[in-house]
Amino acid sequence: MKACLLRAPAAVETNPLEFTDVPAPRPAAGEVLVRINYCGVCRTDLHVVEGELARRKSPVIPGPQVVGTVEGSGEGASRFQRGARVGIAWLHHTDGTCRYCRSGAENLCDDPSFTGWTVDGGYAEWIVAPESFVYPIPDAFRDEQAAPLLCAGITTYAPLRRYVTPGRKIAVVGLGGLGHMGVKIGKAMGAHVTVLSHSPGKRDDALRLGADAFIATGDEGVFEKYAKRFDFILDTVSARHDYNDYLGLLRRDGTMVLVGVAEPTLLSAAPLIMQRRTLGGSLIGGIRETQEMLDFCAKHDVAADVEVIPIQKVNEAYERMLRNDVRYRFVIDIASLKQG
Ligand code: NAP
């Protein structure tokens, strides 16, 4: 089959992905074979490409957010009929036996395998995955809108579901792939949502996406002006920034959850201690939670804003992501792979 392959950590500017032919995968027992229609492009793909996240598989086919059609099943796999429209997310499979798997928190498994990172992903014509890690896609979505939900959707839904109740004042830091889903899902949960962005030009977009307010974090005195405003902050930023500043925006007992994979920065105890604030993190979501997110988004008419690209533009898309030039998720039309 035709696929895009990543051989070694490389700078994005060197066009690290290579088009090639590789053997098509065959479904093992309990797996389904999926013909891929669309695959989303996440900022995490760049962390993988550039070697910030170590790979257990090399070379690897990147691509964690897959939507396609079931074309076959391995022995004992009977959950999906041929022709079913399905999705495959970051979580490709887990050990199934640890206490996290047994409690429905497969995302916290001691030995997880991630699509497009530690096992082959969706920049290809075909993919296989265990049927229990494959999601039926609700009719409400087009394929290309659904793909980012399997990454940006679940990553923002999981912490918002834990911390947000109607009327709570929340802030989403960074209006990118994750951030724009955080805004939409936060609004659908009934929160008052403010976007904190280092790009003043995103104000109109933030309000169009449903945010109640927008704050440009580069403006003078913002962190003093908005101190103690929010009950909850979801931080999606992928670059180094000062967490201490953002913690100061939380009210007493407020919580900030990091989902963006940013470079390390110094953390002071004072903003946490003084107002009894909490800083935490969150990683995608478990199987049940991911299906719940798809159903929630379908019910509330929440989908991703996407720019569909042919796979020949994937290296260019990586460069544009680095320049913060994406509104708000690139999604690859895998049919373009046939054009070579
Ligand atoms: P993205 O589309 O590139 O968005 C990141 C946003 O961060 C940008 O839109 C920008 O928002 C802000 N930003 C970028 N550079 C910045 C800088 N130098 N200073 C301040 N803000 C900056 O990326 P994404 O796909 O949403 O992914 C975001 C992060 O989440 C990545 O690190 C990714 O690896 C991680 N991630 C984590 C999980 C998880 O399970 N925890 C899952 C998927 C992805 P503004 O222009 O509005 O400031």
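Which residues in helix 4 meet which in helix 10? I started my notes there.

**Ground rules.** I am working on a predicted model, so I kept its conditions in mind: local features need pLDDT of at least 70, side-chain atom pairs count only at pLDDT 80 or more, and totals for chains, interfaces and linings use all residues. Residues are numbered from 1 along each chain as its sequence is written.

**Helix 4 and helix 10.** I listed Gly153, Ile154, Tyr157 and Ala158 on the helix 4 side, and they meet Glu289, Thr290, Met293, Phe296 and Cys297 in helix 10. Contact here is two residues with C-beta atoms, placed from the backbone, within 7 Å. By class I noted six nonpolar, two polar and one charged residue in this contact. The classes are as follows: Ala, Val, Leu, Ile, Met, Phe, Trp, Tyr, Cys and Pro count as nonpolar, Asp, Glu, Lys and Arg as charged, and the others, Gly among them, as polar. The axis of helix 4 and that of helix 10 (residues 287–299) come within 9 Å and cross at roughly 100 degrees. That makes helix 4 roughly perpendicular to helix 10. For axes I used lines fitted to C-alpha atoms, for helices over the stretch in contact, with angles from 0 to 180 degrees between N-to-C directions. Angles under 35 degrees count as roughly parallel, over 145 as roughly antiparallel, 65 to 115 as roughly perpendicular and the rest as oblique.

**Helix 4 and helix 5.** I then turned to the other partner of helix 4 on my list. The axes of helix 4 (residues 152–163) and helix 5 (residues 177–188) come within 8 Å and cross at roughly 50 degrees. The two helices are therefore oblique to each other. From helix 4, Ala152, Gly153, Thr155, Thr156, Tyr157 and Leu160 meet Gly177, Leu178, Met181, Gly182, Ile185 and Gly186 of helix 5. This contact has six nonpolar, six polar and no charged residues.

**Whole protein.** I zoomed out and found 11 helices and 17 strands. These are DSSP runs, helices being H or I with at least four residues and strands E with at least two, numbered from the N terminus. The radius of gyration is 20 Å, close to the 20 Å that the globule rule gives for 340 residues, so the protein is as compact as a globular protein of that length. The radius is taken over C-alpha atoms, and the rule is 2.2 Å times the number of residues to the power 0.38. Along the principal axes, the C-alpha atoms fill a box of roughly 60 × 45 × 35 Å. Of the 340 residues, 47% count as buried. Buried means 20 or more other C-beta atoms within 10 Å of a residue's own, exposed means 12 or fewer, and partly exposed is in between, with C-beta atoms placed from the backbone. Among contacts between residues at least 6 apart in sequence, 68% join residues at least 24 apart.

**Threonine 94.** Is threonine 94 buried or exposed? I counted it as buried, because 24 other C-beta atoms lie within 10 Å. Threonine 94 sits in the loop between strand 6 (91–93) and helix 2 (99–102). Leaving out residues up to four places away in sequence, threonine 94 touches Cys101, Glu106, Cys109, Asp111 and Pro112. Its C-alpha atom is 9.8 Å from that of proline 130, 36 residues apart along the chain.

**Aspartate 21.** I found aspartate 21 in strand 2 (residues 17–21). It counts as exposed, with 9 C-beta neighbours inside 10 Å. Aspartate 21 touches Met1 and Lys2, not counting residues up to four places away in sequence.

I checked omega next. The peptide bond from serine 58 to proline 59 is cis, with omega near -5 degrees, and proline 59 is in the loop between helix 1 (43–49) and strand 4 (65–73). The bond from arginine 327 to tyrosine 328 is cis too, with omega near -10 degrees. Then I looked at phi: arginine 276, not a glycine, has a positive phi of about 55 degrees and counts as exposed, with 11 C-beta neighbours inside 10 Å.
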